[in-house]
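Please keep the sequence and the structure in view while reading.

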Amino acid sequence: GVSTTPDATNRLAVSSDASLFNHAGTSHRMKLNKQASADTASLLFQSNWAGRAEIGLLGNDMLQFKASSDGATWKIGLELSGDGIVRTPQRPVGSATLTAAAHTLASGDLIGCDALTIGQGSVALGATLAGGRGKSIIVPAAGFYSVSLRALVQASGAASLALAVNGAASGLRWTTGAAMAAASTAGVQGIVSLGAGDALALIAGGPLSVQTGPTAYELALQLI
């Protein structure tokens with residue numbers, strides 16, 4: 001023990017403002033070894049003796065970074081496999097669609113989704129929208145998101161289909177200045193600043209006919 005008392009588990013214990021391990025020769029390497037893949041070799045960061053972050057080989061042979069808000073429930077934010085592939089299993093990513101049907105929308109009508117085809121990082125569907133055309137997508141964390149919308153539409157005049165955030169149209173929108181004789185795919189993608197709990201859907205600006213279904217209609221987002 002250095003300025004503190006060791007115990008049976010912490011056989012080396014140091015209480016100090018800082019620690020320095022300097023090189024002898026040209027380098028210095030600190031090694032953490034474990035007996036088997038299912039064991040743990042890690043650096044654990046605590047706040048008032050409760051775990052908040054851990055980095056290392058955590059029960060397998062991938063390098064993982066995990067965090068906790070209470071010291072009890074842990075989530076892996078980043079992992080690096082032995083082949084060098086990086087994954088972010090808690091990054092909010094979602095893609096959703098609406099059951100195949102034809103919807104006639106007036107200006108201000110909302111249309112959402114009823115199935116998540118991709119969902120990660122607590123992206124979820126919310127409450128049923130006014131008019132019953134699907135549900136909103138709920139944003140799980142604040143940040144900048146890449147958002148895209150795609151729909152098969154037909155318009156009888158000037159109209160738009162925009163991303164609605166909490167029921168209000170955003171700047172991310174597809175527009176047409178004239179009537180469309182035949183249905184065509186409306187698509188747009190952009191970066192949007194969103195808050196935790198924001199509800200996403202699409203909103204019509206002017207009269208539109210929208211065809212939904214997995215091949216015709218999609219609302220997708222991912223935190224960047």
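A salt bridge is a side-chain nitrogen of Lys or Arg within 4 Å of a carboxyl oxygen of Asp or Glu. Arg 150 belongs to strand S12 (residues 143-155) and Glu 218 to strand S18 (residues 218-223), so the pair links parts of the chain 68 residues apart; strands are DSSP runs (E, at least two residues) numbered from the N terminus. The model is predicted: local features need pLDDT of at least 70, side-chain atom pairs count only at pLDDT 80 or more, and totals for chains, interfaces and linings use all residues. Residues are numbered from 1 along each chain as its sequence is written, and side-chain values use heavy atoms, with hydrogens and water left out.

Accessibility describes the setting of these side chains: buried means under 20% relative accessible area, exposed over 50%, and partly exposed in between (1.4 Å probe, protein chains only). Arg 150, at 27%, is partly exposed, and Glu 218, at 25%, is also partly exposed.

A search of the whole structure finds four salt bridges. One of them joins Lys 34 and Asp 61, whose closest N and O atoms are 3.4 Å apart. Lys 34 lies in the segment before strand S1 (40-47), whereas Asp 61 lies in the loop between strand S2 (50-58) and strand S3 (63-68), 27 residues apart. Lys 34 counts as buried because its relative accessibility is 13%. Another salt bridge connects Glu 54 and Lys 66 (3.6 Å, N to O). Here strand S2 contributes Glu 54 and strand S3 contributes Lys 66, 12 residues apart. Glu 54, at 11% relative accessibility, is buried.

Leu 63, Phe 65, Leu 78, Leu 80 and Val 86 make a nonpolar surface patch of about 350 Å². Such a patch consists of residues with over 30% relative accessible area and no salt bridge, the nonpolar side chains (Val, Leu, Ile, Met, Phe, Trp, Tyr) being joined within 5 Å; areas come from the Shrake-Rupley method with a 1.4 Å probe, and for residues only the protein chains shown count as cover. S3 and strand S4 (74-80) each supply at least two residues of the patch. Leu 80, in strand S4, is partly exposed, with a relative accessible area of 31%.

Note on methods:
Helices (H or I, at least four residues) and strands (E, at least two) are DSSP runs, numbered from the N terminus. Patches are made of residues with over 30% relative accessible area and no salt bridge: like charges are joined within 9 Å, nonpolar side chains (Val, Leu, Ile, Met, Phe, Trp, Tyr) within 5 Å.
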